[in-house]
Structure formats: structure tokens, C-alpha cells
Amino acid sequence: MAGGTEAFPDLGKHCQFSGCHQLDFLPFKCQACHKVFCVEHRSCKSHECPEPEHNSRKVIICEICSTSIEITGKEDQEKMILEKHEKSGNCDPRKKKKPTCPVKRCKETLTFSNRTICKTCRLEVCLKHRFPADHACKQASSSPTPAAAAGGSWNEKFLVAFGLRNGKDCGKSGRPSSSTTPFLKAY
């Protein structure tokens, strides 16, 4: 089929998916079968490509050991690759256990984005229990923090230093006083 319109016959291409043949002015060429498709049928899966997508990569997760396995090619290879992985000896069910929040009765799995370390007791907990009061922080209730043991917390030290200033200039040393400061008039 020729693309375009009567005025511009070379503009665009028709989708080569059977039953579609939509005129597309920005067509996609499949890297595997080298046919032209519209945006709706551009993926190998959507146009039922007979050739495996040579640049495609897919990751499957082993249900036994939670190991990720990268595959390329058609989807029907998944079972075969998983069986090969299981027989290889690298599939260990003990690897599957993910760390969970240590707070009593919390079953939250600690993931990359759902974990934090308490600054007081150094315990790794989920985000729900990130505050010391939420996870019964041992060091906060039983012994003083290192900053408090060294003469008060940083907040207390700041307030003491701030009180000792007695209204002195706040970083204006070496600057001219406000009466000699030049100014600009806007017209």
C-alpha cells in the first residue's frame, strides 16, 4: 500500500498489521521483522512478531529463591530457563527470606525505599516506626545520647550561645553602618 495523501503521496506509511492498515505519519519499524507499524502495534508483542526481539531483555524472578534472571527472546523460554536455574544448584530457598521490621507484631518487609536507621539506637526499622517513640528506642529511654553526655544536646548549646550574644551584630563586622549605606533610586 502506498502512503500519504493525493497531495503528498510519500508522506507517512500504512501499518502492516493485518486488520489495521492505519496511515501513520510517524511510523515505527520493528527491529526484528523489519515491518512498519503504527504506535498501537509497534511492540513485538502487540503485532505478534514471528521473530524474537533481538534487543529485548526481560527479567524473571525465581519463586523459590527470589533471584532475578535476565532473559532475551521469546516468552515461551521462561519455563525452560527457570527449570535450568533450579537444576543448576544456584537456586537456594534460604536466600528468599527478606529482612522485616524488628518491631513487635510488625511484618513490614524492609526494602530499599522502606527502611531507615534510627539515629539514637542504630536499629534498622520500617518507615512506620522511624521515630524513637514508635519502636521503643532502648538508648533514648535508658541512657543519655552522646551529645547530652558531652554537656547537653546541640539544640541546648545553640540556645546558650544565642543568649550570650546580647543583641550584638549578627555577622555585620567589617561592614559600614546602615547610615552610610548607599542606596539606589528607581525612576
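Colleague: Happy to start with the ground rules: which pLDDT do local features need?
Modeller: Residues are numbered from 1 along each chain as its sequence is written, and side-chain values use heavy atoms, with hydrogens and water left out. As the model is predicted, side-chain atom pairs count only at pLDDT 80 or more, totals for chains, interfaces and linings use all residues, and local features need pLDDT of at least 70.

Colleague: Which residue forms a salt bridge with Lys128?
Modeller: A salt bridge here is a side-chain nitrogen of Lys or Arg within 4 Å of a carboxyl oxygen of Asp or Glu. The closest N and O atoms of this pair are 3.3 Å apart, and the partner of Lys128 is Glu108.

Colleague: How many residues apart in sequence are the parts that this pair ties together?
Modeller: Lys128 lies in the loop between E8 and H2, while Glu108 is in the loop between helix H1 (78-87) and strand E7 (115-117). Helices (H or I, at least four residues) and strands (E, at least two) are DSSP runs, numbered from the N terminus. The pair therefore ties together parts whose separation in sequence is 20 residues.

Colleague: Is His129 buried or exposed?
Modeller: Buried means under 20% relative accessible area, exposed over 50%, and partly exposed in between (1.4 Å probe, protein chains only). His129 sits in the loop between strand E8 (124-126) and helix H2 (138-142). Its relative accessible area is 14%, so His129 is buried.
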